[in-house]
2 protein chains.
Amino acid sequence: MPPARPVTSDRLLRAGLGVIHAQGYAAAGVQEITAAAGVPKGSFYNHFPSKAAFGLAVLDAYWKAAEPALALLAEPGREAPERLERHFRAIQAGMRVAGQERGCLIGNFAVEAPAAGPEIRDRVAALLAEWTAAVAACLRAGADAGAIRTDVSPEDLAQLLVAAWQGAVQRAKVEPSAAAFDAFHRAVGRLVRP
Amino acid sequence: MPPARPVTSDRLLRAGLGVIHAQGYAAAGVQEITAAAGVPKGSFYNHFPSKAAFGLAVLDAYWKAAEPALALLAEPGREAPERLERHFRAIQAGMRVAGQERGCLIGNFAVEAPAAGPEIRDRVAALLAEWTAAVAACLRAGADAGAIRTDVSPEDLAQLLVAAWQGAVQRAKVEPSAAAFDAFHRAVGRLVRP
């Protein structure tokens, strides 16, 4: 027989990610999360010492799900501009599945971070920094290969691209079309080249 | 004697803008807003038929306060790259006053829009479109004058700049420094030129 604890913990994480992604962290109550997971309310605190600890685990689960998209930033046999486009299109495809109006969970948490407390804020900052570093590494390799402009540092360009993506995601929450993403892809395809 | 209604309405708007900016739209209760305004709770619905109507009025008040920054996009005697930088630096200065961790009220509303209802969502989309159009007009004038690149359409470039700004604002909510804005200004100063 499989141990009960990890199963309940997994169910809470999966259900909680959906509830928080749809409604926001502050609005997602423990009762609603346990109900969505189909587990007794009391079991929540057997698995997570606090709602903040749960929020961190949800953020980490979301980040882990983005690993395949992140790997595209270092895909062998492709130049940096193509790697970048495939990276952002993979994220976009994931968002179509989850529901474009839900946006990016990391960006949503960033907006709620001041009220959500310092642990959440620092984890969101760390994930954004990790993502930016992966994009910067892609840009640096591309600059070395002559496929990416060098008059802007890879770090600044990476920050701009990640920020522009998050802004496009924000806009796509209020515009039910792919227009914000389409404009992003068209502009970035030109702007990053030498 | 001045009429009482506009005064109360103004106090509600000013106080409500502060409460919603700090806590978010969903978390800001009518009771808290009236308490912050120092008016009786019952008076809220004398001035605003619903919380959504109040949210729209708060958005419009925030947008109106951005008029001086928007005017910088068409400032006489300056080239487009300088207009853009002065525009975004003016917004940044306003955010330093309000508190960088509060972010942009329009961006915050965008993230909450799916739960806040279609009126809020459509108003946020309209304000983002209006802002983007003003940036695009600045870029188009700059392109005609040879100061802005022409291989990306002014509309796409404007969308990218506004999105990158909103993403930088989001990041600045979790990083207590001006690093996200500094990277934005450095990169944009290069990227928009021919």
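Select B:Thr8 to begin: at 17% relative accessibility, B:Thr8 counts as buried (under 20% relative accessible area, with exposed over 50% and partly exposed in between, using a 1.4 Å probe and protein chains only). You will find B:Thr8 in helix H1 (residues 4-23) of chain B. Leaving aside residues up to four places away in sequence, B:Thr8 touches B:Val39, B:Ser43 and B:His47 (contact means heavy atoms within 4.5 Å).

A note before moving on: this is a predicted model, where local features need pLDDT of at least 70 and side-chain atom pairs count only at pLDDT 80 or more, while totals for chains, interfaces and linings use all residues. Residues are numbered from 1 along each chain as its sequence is written, chains are lettered from A in the order in which they are written, and side-chain values use heavy atoms, without hydrogens or water.

Next, select residues 51-65 of chain B, which form helix H4 (helices are DSSP runs of H or I, at least four residues, numbered from the N terminus). H4(B) reaches 21 Å from its first C-alpha to its last, close to the 21 Å expected at 1.5 Å a residue (1.5 Å times one less than the number of residues). Its buried residues include B:Phe54, B:Leu56 and B:Trp63.

Finally, show helix H7 (residues 105-116) of chain A with helix H9 (residues 154-174) of chain B: they pack at about 50°, axes 8 Å apart (lines fitted to C-alpha atoms over the stretch in contact, with angles from 0 to 180 degrees between N-to-C directions). Look for A:Gly107, A:Ala110, A:Val111, A:Ala113 and A:Pro114 of H7(A) against B:Gln170, B:Lys173 and B:Val174 of H9(B).

How values were computed: Helix = DSSP H or I, 4+ residues; strand = E, 2+ residues; numbered from the N terminus.
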